[in-house]
Every structure is written in C-alpha cells, then in structure tokens.
Amino acid sequence: MLVVLLLLEFYLVPSIVEVQHGMPDFLILMLLLLAIREEPGVGALTGFMIGLVVDVLTPAHFGAGILANVLVGWGAAYGRGIFFADNLLVNAGLFFIGTWVRDVLMLLFSGTALQALPAEALLWAPMQSLSTAVVGVVVVAIFRDWLAIRIEM
Amino acid sequence: MRGAGGQETARSDVLLFVGCIALALLALALPRSWALTVASGLRQTALRPLVALNARATRDRTARFKLTAVEHTSDSLAVLVQQQEAIRRENENLRGLIGVRAAQSHPIVSAEVLHRPTVTDTRMLLLDVGTADGVHMFDPVVTASGLIGSIVISGAHSSSALTWANPDFAASAVTADGRVSGVVHPSTTGSGAATVLELQGIASRDSLVIGTVLMTAGAGGTYPRGIPIGRVASIGTDVNGYDKVYRIIPFAAPGDANHVVILTSPRDSVFAKLAKPAVPQ
C-alpha cells in the first residue's frame, strides 16, 4: 500500500494531470493511515520523516512541514483510542481534519501573512482535505485486508 | 492494553514526540542558507530517486498531452524568426555603423517545474535542472508571460527557485518607457487577500495610471532589464498615508507555471526585445 501511495504521489498522478491547488496529498494520507495504527511516539516519528520529505521538496520554509506533520502524526495516533478506525465515515473525517489541520499549521509556521490566511485556510485547504478524504476512503476500501479494517458505515 | 509496561511505553512516546518537536524547531530556526543547503543535499542523495521519478512523470505528461501544442509553438516561432531575420541583420549593420557593441545573447536553460500538492508550493518551485545543466544561484527564472523569480540554490540535478510570491522576494522595476522606477515586493493586502506585488519607492512627483506595464529595471544584478513583471491594477497609499503604493498584478503565476526558462549569464537588457507583453485595449 505504501509503495502504491508513493507511486501515486510521485509518478502516476503527476504523469496524468498537472499538480494544482486542492489536489489530494498522498503523503499526508500515508501518515494518517500509519499513525492511527501505531503508538503516538511512532506517529510523531512517521510525521517527522514525511514532513522532512515535504520540506525538502517544497522548501518554502524549512521545518514548517516537519513541525506540522509531527503534530498531526502525534495527534492521529493519540486519538485512536477516541474514534473507531473501523468506520469508513470516521476514517473519511479523520483524513479531512488531519489534512486541513496540517495545511493550516504549515501556513502558520511558514510565515503566511494573516490577511492571506483566511483564503488559504478556508478555501484551498478544505478543497485539498476533501479530495484527500475521498481518495483515502477508496484506499481504505481497497486495502482493508492489509489494514485489518472491518468496514462499517 | 497498557499495563505496568504501559507507563514505559507512554514515556518513550513522549520522549520521541519531544525529540521530534525539538528537531523540527531546530530546522525551523536554521538560517535560510543552511536550510537550503540541507534540503539540496538531501535532494541530491536520499531523495534523488523521488525527484527523478517526479521529473520523469512531468516529462511523460508533456510528451503525452502537450506534444501538439509544443509543435505548434515551435512552428510559430520558426516562422517569426524567419520574418525577423532581415530586421536582425539590418540592426547589426546599423550597430556596426555607429560603433555600438552587439547585443549579448542569453544562454537559456529550459526546465520543468516539479509542483507539489502543498499549500506553500507557489512560494518556492523545485526545478528539474541544476549545476550540471549550467544553472546557478541568482539566475532569473521566467516564462513566456513574464518574471517568476530567481534560483536560490542549485544542486547537481535540481534547483529551487524563489518566486515573486515568497515574502523574501524583491526586484527593481521600471515602467516600459523607463520614466518611473521603484521596487516591487509581494503583498497580501487589499480585497481578496490574494498575493500580488506592490510597487514602492516612487517619487511623490511621479504617478502611474492603472494598466501601466512594469518591467525589471536591471538594478541589483540579479534580473536583467526588460523582463515583464506585471500591470498596475490599483493605487493606494502606505500605512502612514504619505506615499502612493501601486498594486501590480503579475503576468506569470508560479502555481500555473509548468515549464520555465532560466536565463544564465551574461545578463543585460536584451530581454526587452525578445518578449513584449500585449498592451491593454
């Protein structure tokens, strides 16, 4: 599944469509799928690794992606006792909120001007969160055996 | 799940979390030159396969979906060059007669932009060319529409370009007629809060009308004179109410740029003769 997500992120999707605002982010999807099945420390470490990849490839403000992904990875792993990862809608909600929080944190940590924050946080970030959640649900449905999920609605 | 050993697990989790946060804060506090060097180093080593895969994907998409458009552009330019050959020769003869040196030619490097689906993608672009292709720090990055930014760090096979949407961007600008000059910075003030450019440093006796085209002035050594930047969209005053501030809508959008051209040295003012934006009706 991880290899498929990496291929989708770095080859399959960019070889078909132009990468633009609002497109699904397979790296945050990978982080959330891994973090909700691990201990919080491992979730934070996974977030660190994925954040490092994000910052190295988009060095708008080095460290902003690492910090945002560590917090989201920790939060997703810490919250697994609160929500049921077996429910498809709960998974969709987790992907949406996780992506949105990561985007907003990245904007804040990378020094986005306050005037630009509402447009980014309330328009582009939710669009990407929605597309990521939709793709995430499809991934969960396809890889439910590997993820050991008994899908309930 | 967590019994007696649970405490230990929780402690190790907290330690991992604190360690990751500390490293992230350290990365965030790094001076920009160090951070860019670290990022460039990782791109050339551990993450090189991912960068190469992404570059291959972009080239494949261009070959698959844009070949017809590229052929059309190439044919149009070939016809244009043929038509202007006589003018070029006449210009060279006239320069020779009056003793003006020949205009310097700009070696250029074409590059694909490796966009990432992140919210900060437009501030810094990753390009699939580097020092092995002749690209170096401070080389200007343009599209057919106008200025995108400049190279901030170049590795062997990839480089990063700081765009006009980055808060650290600044460029000297001049009107197309050369009458008024100032400095452009990114700005997010105004309606819609979209990032545009602001022209500042204009003498109070000078004024520009809406629609005026601005180009790079050539001061500072990074950008050659004559690269189209944008057009004046509105006029306001600074926070103190003393000076006029001109909001500029740039011609080139970093988020939409998939293919860019990097102008390598030597730099002078001949770009103005190569690309001239259309004047509004």
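Leaving aside neighbours within four places in sequence, with which residues is A:Thr112 in contact? The residues are A:Leu107, A:Leu117 and B:Arg123, where contact denotes heavy atoms within 4.5 Å. The model is predicted, so that local features need pLDDT of at least 70 and side-chain atom pairs count only at pLDDT 80 or more, whereas totals for chains, interfaces and linings use all residues. Residues are numbered from 1 along each chain as its sequence is written, chains are lettered from A and ligands numbered from 1 in the order in which they are written, and side-chain values use heavy atoms, with hydrogens and water left out.

A:Thr112 is placed in the loop between helix H5 (88-109) and helix H6 (117-142) of chain A; helices (H or I, at least four residues) and strands (E, at least two) are DSSP runs, numbered from the N terminus. A:Thr112 counts as buried because its relative accessibility is 13%; the term buried applies under 20% relative accessible area, exposed over 50%, and partly exposed in between (1.4 Å probe, protein chains only). A polar atom of the A:Thr112 side chain lies 2.8 Å from the backbone oxygen of A:Leu107. With the side chain of B:Arg123, the side chain of A:Thr112 makes a polar contact at 2.4 Å. A polar contact is a pair of N or O atoms within 3.5 Å; within protein, one must be able to donate a hydrogen and the other to accept it, and residues adjacent in sequence count only if both atoms are side-chain atoms.

The interface between the two chains was examined next. It draws 51 residues from chain B and 53 residues from chain A. About 4,400 Å² is buried between chain B and chain A, with 68% of this area on carbon and sulfur atoms; buried area is the accessible area (1.4 Å probe) that two parts lose on being put together, summed over both. On the side of chain B, the most area is lost to chain A by B:Arg116, B:Pro117 and B:Val119, which together give 16% of what that side buries. Ten residue pairs in polar contact (both at pLDDT 80 or more) are found across this interface. One salt bridge is counted between chain B and chain A, the term requiring a side-chain nitrogen of Lys or Arg within 4 Å of a carboxyl oxygen of Asp or Glu. A:Glu9 and B:Arg116 form a salt bridge in which the closest N and O atoms are 2.4 Å apart. At least two residues each of the side of chain B that touches chain A come from helix H1 (4-29), helix H2 (32-44), helix H3 (48-65) and strand S2 (124-127) of chain B. H1(B) gives the most, with twelve residues.

Chain B itself contains five helices and twelve strands. Of its 281 residues, 44% count as buried. The domain assignment, which is automatic or from a database, divides chain B into domain 1 (2-46) and domain 2 (108-263). The centres of these domains, taken over C-alpha atoms, are separated by 34 Å. Six residues of domain 1 of chain B are in contact with twelve residues of domain 2 of chain B, and the area buried between the two domains is about 670 Å², with 54% given by carbon and sulfur atoms. One salt bridge is found across this domain interface; the side chains of B:Asp168 and B:Arg32 meet in a salt bridge at 2.8 Å, N to O.
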